[in-house]
Amino acid sequence: MGRSAGRLAVLLALTACATGGPTGDGDVDAPAGPIDAPVAPIDGPVAIDGPVVIDGPVVVPDAATTDAALVDATIVDAPLIDAPLIDAPLVDAPAIDAPTTTVPDTCAQAQNLTAAATGAGVTVTGDTTGAADDVSPSSACTGYAPDGPDHIYVVNLTAGQTVTATATPTTSWDISLELVTPCTYTPTCLAGDDSGFAGGAETASYTATAAQTVFIAVDGYNPGVAGPYSLLVRIQ
């Protein structure tokens with residue numbers, strides 16, 4: 001064999017080894033060696049045909065350990081609206097202890113005690129000092145000419161009702177009491193009392209035979225006799 005033929009045989013042998021086997025019909029059982037080369041990344045979505053079985057626990061990231069930037073929100077300090085308070089006036093209603101009106105100095109100002117006096121009765125107070133002399137029945141009504149300053153009260157009676165009045169001076173003065181109708185300077189006396197003693201209480205009663213208006217005069221036996229008093233009136 002010449003030098004050229006020898007070189008050709010060597011090239012054929014190397015070629016057969018590089019292609020994994022001889023050029024003939026026989027197979028070469030040679031183990032495949034590991035591929036020592038990087039795997040190219042998959043560029044694009046990978047379709048998975050079939051269920052994916054996860055063999056092992058699934059670890060869920062703890063939200064508290066997530067290294068995300070915290071948002072530091074600024075607290076909005078809104079101004080308070082300072083609305084003025086409405087200071088409404090309090091209504092101070094007076095307590096009604098008994099029928100009240102103006103000072104019962106005249107017949108037109110007579111204080112009506114009918115409702116309050118019916119049953120247990122009612123007590124009112126006053127002071128005749130400086131009052132006018134509006135009622136002056138004859139001296140037969142009380143035994144004296146009652147021409148002192150007076151206060152006037154009124155009650156309306158039905159047939160058979162009795163009114164009883166007791167006037168008591170709260171200081172030492174000689175009080176007089178008359179039950180009269182109508183309310184004029186010289187009325188008809190229905191009942192009266194004046195003991196003639198300073199500081200003593202006076203009581204007078206009258207029973208109506210029909211519906212009637214009766215005026216009660218807290219009086220003094222002369223123009224200079226007057227003072228504070230309490231008056232109890234009861235209708236039964």
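# Close-up views: figure legends

C141 is buried, at a relative accessible area of 9%. Buried means under 20% relative accessible area, exposed over 50%, and partly exposed in between, with a 1.4 Å probe and protein chains only. The model is predicted, so local features need pLDDT of at least 70 and side-chain atom pairs count only at pLDDT 80 or more, while totals for chains, interfaces and linings use all residues. Residues are numbered from 1 along each chain as its sequence is written, and side-chain values use heavy atoms, with hydrogens and water left out.

**View A. The disulfide between C141 and C189.**
The S to S distance is 1.9 Å. A disulfide here is a pair of cysteine sulfur atoms within 2.5 Å. The torsion about the S-S bond of C141 and C189 is about 65°, so this disulfide is right-handed. C141 lies in the loop between β2 (122-127) and β3 (151-157), and C189 in strand β6, so the pair ties together parts that are 48 residues apart in sequence. Strands (E, at least two residues) and helices (H or I, at least four) are DSSP runs, numbered from the N terminus. C189 counts as partly exposed, at 28% relative accessibility.

**View B. The disulfide between C107 and C183.**
The sulfur atoms of C107 and C183 are 1.8 Å apart. Their S-S torsion is about -75°, so this disulfide is left-handed. The pair links distant parts of the chain, 76 residues apart. C107 sits in the loop between α1 (3-18) and β1 (111-112), and C183 in the loop between β5 (175-181) and β6 (188-193). C107 is partly exposed, at 25% relative accessibility. C183 is buried, at 15%. A search of the whole structure finds two disulfides. With the bonded cysteines of the protein chain numbered in sequence order, the pairing is 1-3, 2-4.

T128 is buried, with a relative accessible area of 0%. Its side chain reaches the backbone nitrogen of G227 at 3.0 Å. Neighbours within four places in sequence aside, T128 is in contact (heavy atoms within 4.5 Å) with residues including P149, W173, V218 and Y229.

**View D. The open sheet of five strands.**
The strand order is β1-β3-β8-β5-β6, with mixed pairing. β1 and β6 stand at the edges with a single partner strand each, so one side of each is left without a neighbour in the sheet. Two strands pair if DSSP finds at least two bridges between them. β1 and β3 pair in the parallel sense over two bridges. The bridge partner of N112 in β3 is V154.

**View E. N156, in strand β3.**
N156 is partly exposed, at 35% relative accessibility. Its side chain makes a polar contact with the side chain of T213, at 2.9 Å. A polar contact is a pair of N or O atoms within 3.5 Å; within protein, one must be able to donate a hydrogen and the other to accept it, and residues adjacent in sequence count only if both atoms are side-chain atoms. Residues up to four places away not counted, N156 also touches N112, T114, Q161 and Q212, among others. N156 and A208 are 52 residues apart in sequence and 9.7 Å apart in space, C-alpha to C-alpha.

**View F. Strands β4 (residues 162-169) and β7.**
The two strands pair in the antiparallel sense over six bridges. T166 stands opposite T203 in β7. Side chains alternate along β7 (residues 202-207). E202, A204 and Y206 point to one face and are buried.
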